[in-house]
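Please find my notes on the model below. They are set out as numbered points.

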Amino acid sequence: MAQDDPSGFLASLRRDLADLESRGLRRSLRVIDRVEATRIVVDRRTVVNFASNDYLGLAANPRVRAAAANAILEQGWGDGASRLLAGTRAVHAEAERRLAAFRGAEAALLFPSGYAANLGLLQALADPGAVIVSDALNHASLIDACRLSRARVVVYPHRDVAAARRALEEAGGASRRLVVTDAVFSMDGDLAPLPALLAAARETGSVLVVDDAHGNGVLGAEGRGTLEALGIDPAAPDVVVTATLSKAFGGTGGFVCGAREVVDWLVTRARTFIYTTGLVPAAAAAALAALEVLETDPWRRQDVRAHARRLRTRLRDWRPELAAAWSPESWEVPIVPVLVGGTAETLRASERLLALGFFAPAIRPPTVPEGTARLRLSLSAEHAERDLEALAGAVCEALEA
Ligand SMILES: *Cc1c(COP(=O)(O)O)cnc(C)c1O
């Protein structure tokens, strides 16, 4: 039986939800009944999944699964305590050593998620006397991290190095100056101008903080990420990188890597490291296995990048206007945005795509700016070439109908 709502609390929520619904902005969960590599079962239909960030297909990889399962059987499931209390296991320390080596950094520190890594890093590095200069399209976790730090935040237009440099120059009196950016922007798939940002940081005595959630494991000759791809020294003292284990690594958890002093400071100061239970040991074991697969299976990063190029080429051939939103250096990035504009049209296109057998949800405000709703196609090494050909055709059909 419905209960009374004397304060009108629930009625106010219903009203706000109805308002979002009427504007096409209400979100709801869709249950995926089964996942098998790139095939998922939605509403009892098997469709091809283009909505996963499992770029290398490692979430279902037998070696990664076995490593996680064995770790659970041998070491238990939960970590049981904060890393600073009884929560640091040998497998955490080993994963941190190997992740640091992989990224070419001196040290690394695991967090329960990439979101937590960003929050903890900026909160620990910046205080209210600091200035953080932040790209307008940075990921929500970086935006929240800026807020948690209580630093003064200057947002610069997307990829505008001159504006970032001006903001850094004008922050002369700050206790510390940081310029913060996604390496690969999560909804656009374009790259940050890291070499120019680093130069601006150096000229102003600032630190460059890079979130490489989407480049890690995918970009660069060895898959070491966007810094490798753009020729930036990952051991530079004025560069700090965050990344996640939940995308190309196919698991869960996040990490920060940089100089030993940075990690030492985070252990003592990062709230999302200290006041939370350690990452489940099996996730660290899975990350170690993922690092091995990255080494033995270079075809995974090569294929997913070739897929991105192939899909973009097809879409450009058939709908040249779509390519206008893709910067030239982003063609191998496995995030392919198909800009539609309005939320209603984007929702319709996504539903049509689903009817044609392809799952790619509509990305709407506030995840992306007003008027730039889009389909976000994310690719996996496990997709077949014919999946991409079929997807390109279906996207064009869904946009036309
Ligand atoms: C996904 C993502 C994160 C968060 O990573 P999780 O491990 O899923 O919490 C952080 N930054 C960017 C740019 C991301 O795309």
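1. An open sheet is formed by 3 strands in the order 11-14-13, with antiparallel pairing. Two strands count as paired if DSSP finds at least two bridges between them. Strands (E, at least two residues) and helices (H or I, at least four) are DSSP runs, numbered from the N terminus. The edges of this sheet are strand 11 (335–341) and strand 13 (362–363), each with a single partner strand, so one side of each has no neighbour in the sheet.

2. On the basis of the values: this is a predicted model, in which local features need pLDDT of at least 70 and side-chain atom pairs count only at pLDDT 80 or more, while totals for chains, interfaces and linings use all residues. Residues are numbered from 1 along each chain as its sequence is written, and side-chain values use heavy atoms, with hydrogens and water left out.

3. Strand 13 pairs with strand 14 (residues 373–378) in the antiparallel sense over 2 bridges. Within that pairing, A362 has L375 of strand 14 as its bridge partner. The loop between strand 13 and strand 14 holds P366. The peptide bond joining P365 and P366 is cis, with omega about 5°. For context, most peptide bonds are trans.

4. Which strands make up the mixed sheet, and in what order? It is an open sheet of 4 strands, ordered 1-2-3-12, with mixed pairing. Strand 1 (32–36) and strand 12 (358–359) are at its edges with a single partner strand each, so one side of each is left without a neighbour in the sheet. In general, strands of a sheet pair through backbone hydrogen bonds, either parallel or antiparallel.

5. Strand 1 and strand 2 (residues 39–42) are antiparallel and share 4 bridges. I32 has V42 in strand 2 as its bridge partner, and E36 is opposite R39 in strand 2. The hairpin of these two strands has 2 residues between the strands, and A37 there takes a positive phi near 50°.

6. Strand 2 and strand 3 also pair in the antiparallel sense, over 4 bridges. V42 has R45 in strand 3 as its bridge partner. This hairpin, too, has 2 residues between its strands.

7. Where do D43 and R44 lie? D43 is in the loop between strand 2 and strand 3 (45–49), and R44 is in the loop between strand 2 and strand 3 as well. The phi of D43 is near 50°, a positive value in a residue other than glycine. R44 has a positive phi of about 65° and is not a glycine either. Most residues other than glycine have a negative phi. Is D43 buried or exposed? D43 is exposed, at 56% relative accessible area, and R44 is exposed at 80%. The classes are buried under 20% relative accessible area, exposed over 50%, and partly exposed in between (1.4 Å probe, protein chains only).

8. The largest nonpolar core has 93 residues, of which F249, L311, L315 and L377 touch the most other members. A nonpolar core is a set of buried Ala, Val, Leu, Ile, Met, Phe, Trp, Tyr and Cys residues joined through side-chain atoms within 4.5 Å. Helix 11 (residues 281–296) contributes the most to this core, with 12 residues. A separate second core of 29 residues includes L122, I132, C146 and V262.

9. What does L311 touch, its neighbours within four places in sequence left aside? L311 is in contact (heavy atoms within 4.5 Å) with V336, L377, L379, L388, L391 and A392.

10. A nonpolar patch on the surface is formed by F9, L10 and L13, with about 280 Å² of accessible area together. Such patches take residues with over 30% relative accessible area and no salt bridge; nonpolar side chains (Val, Leu, Ile, Met, Phe, Trp, Tyr) are joined within 5 Å, and like charges within 9 Å. A salt bridge is a side-chain nitrogen of Lys or Arg within 4 Å of a carboxyl oxygen of Asp or Glu. Areas come from the Shrake-Rupley method with a 1.4 Å probe; for residues, only the protein chains shown count as cover. L13 is in helix 1 (residues 9–22) and is partly exposed, at 40% relative accessible area.

11. E351 belongs to helix 14 (residues 343–355) and is partly exposed, at 44% relative accessibility. E351 and P361 are 10 residues apart in sequence and 8.1 Å apart in space, C-alpha to C-alpha.
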